[in-house]
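This report looks at a few side-chain features of one protein model. Please have the sequence and the structure open while reading.

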Amino acid sequence: MQIHALDKAQLITDVQLGDHLSHAVTQGRRSDFALMLALLSSDATETTPLNPPYPEKATEADLRQALNLPEPTRLIAEEKDYELCGTQADAFHKAGIASARLNHCVTPSALHFPAIGTHNLGEDVYHNLSGHQRRQLAAENTKTTALDPVNLYQQLVTAKRYQELNAQA
């Protein structure tokens, strides 16, 4: 009966021994050290962890939910940010800076409001251009290819057939 109990009490890893193994080494107790090593399992499948030691990486949304964090502030303005800023300016004019600050904390607006219609140039640079250069920028941006990337092959085949027909005529 005791042999069966010893078989079930076999140690799997040295972590189960705690600091007893290191104390046996430092104090020179060879018999205790040998006994503890003999009790450890020699089966590699028992000592190899089957579960990953660290949990899978959590996504940003999971971390925000776990830590109860708000959504990040938008960096570049969208259409709704112009309305929010109008509301905040109105709150400032009617009730002062504290009301505008509270309004901003409740519904934050974007941090950057880029100039619209300046063709990705800075507003000061765009306004320093001559009228001719502005018209030239507008004309360059409207030139887009009529090729559809999804149907490109079909368009090329059709163009080749038209070219062959025109060459024969």
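## A salt bridge between Asp32 and Arg29

The side chains of Asp32 and Arg29 form a salt bridge, with an N to O distance of 2.9 Å. The model shown here is predicted. Asp32 has a relative accessibility of 27% and so counts as partly exposed. Arg29 is also partly exposed, because its relative accessible area is 32%.

Side chains of opposite charge can pair when their charged atoms come close. In this model the count of salt bridges is four.

Asp81 sits in helix H6, which covers residues 79-95. Is Asp81 buried or exposed? Its relative accessible area is 0%, so Asp81 is buried; the cut-off for this word is under 20%.

Asp81 forms a salt bridge with Arg74, and the closest N and O atoms are 2.3 Å apart. The two side chains also make a polar contact at 2.3 Å. Arg74 is partly exposed, with 24% relative accessibility. When neighbours within four places in sequence are left aside, the residues in contact with Asp81 are Arg74, Ile76, Ser109, Ala110 and Phe113.

## Lys94 and Asp90 in helix H6

Another salt bridge joins the side chains of Lys94 and Asp90, at 3.2 Å from N to O. These two residues are four residues apart in helix H6, so about one helical turn separates them.

Lys94 has a relative accessible area of 67% and is therefore exposed. Asp90, at 37% relative accessibility, counts as partly exposed.

## One aromatic pair

A pair of aromatic rings is described by the distance of the centres and the angle of the planes. How many aromatic pairs does the structure hold? There is one aromatic pair. The ring centres of Tyr82 and Phe113 are 5.3 Å apart and the planes are at 70°, so the pair is edge-to-face. Tyr82 belongs to helix H6, while Phe113 is in the loop between helix H7 (97-106) and helix H8 (123-128), so the pair ties together parts that are 31 residues apart in sequence.

Tyr82 is partly exposed at 35% relative accessibility, and Phe113 is partly exposed at 32%. Phe113 is also one of the residues in contact with Asp81.

## A nonpolar surface patch

Leu63, Leu67 and Leu69 make a nonpolar surface patch of about 290 Å². Leu67 is located in helix H5, residues 60-67. With a relative accessible area of 57%, Leu67 is exposed.

Note on methods:
Residues numbered from 1 in each chain as written. Predicted model: local features only at pLDDT ≥ 70, side-chain atom pairs only at ≥ 80, totals over all residues. Heavy atoms only, no water. Patch = residues over 30% accessible without salt bridge, like charges linked within 9 Å, V, L, I, M, F, W, Y side chains within 5 Å. Areas by Shrake-Rupley, 256 points an atom, 1.4 Å probe, with all protein chains shown as cover. Buried < 20%, exposed > 50% of the residue type's maximum accessible area, 1.4 Å probe, protein only. Polar contact = N/O pair within 3.5 Å; in protein donor to acceptor, adjacent residues only side chain to side chain. Contact = heavy atoms within 4.5 Å. Phe/Tyr/Trp six-rings, centres within 6.5 Å; stacked < 30°, edge-to-face > 60°.
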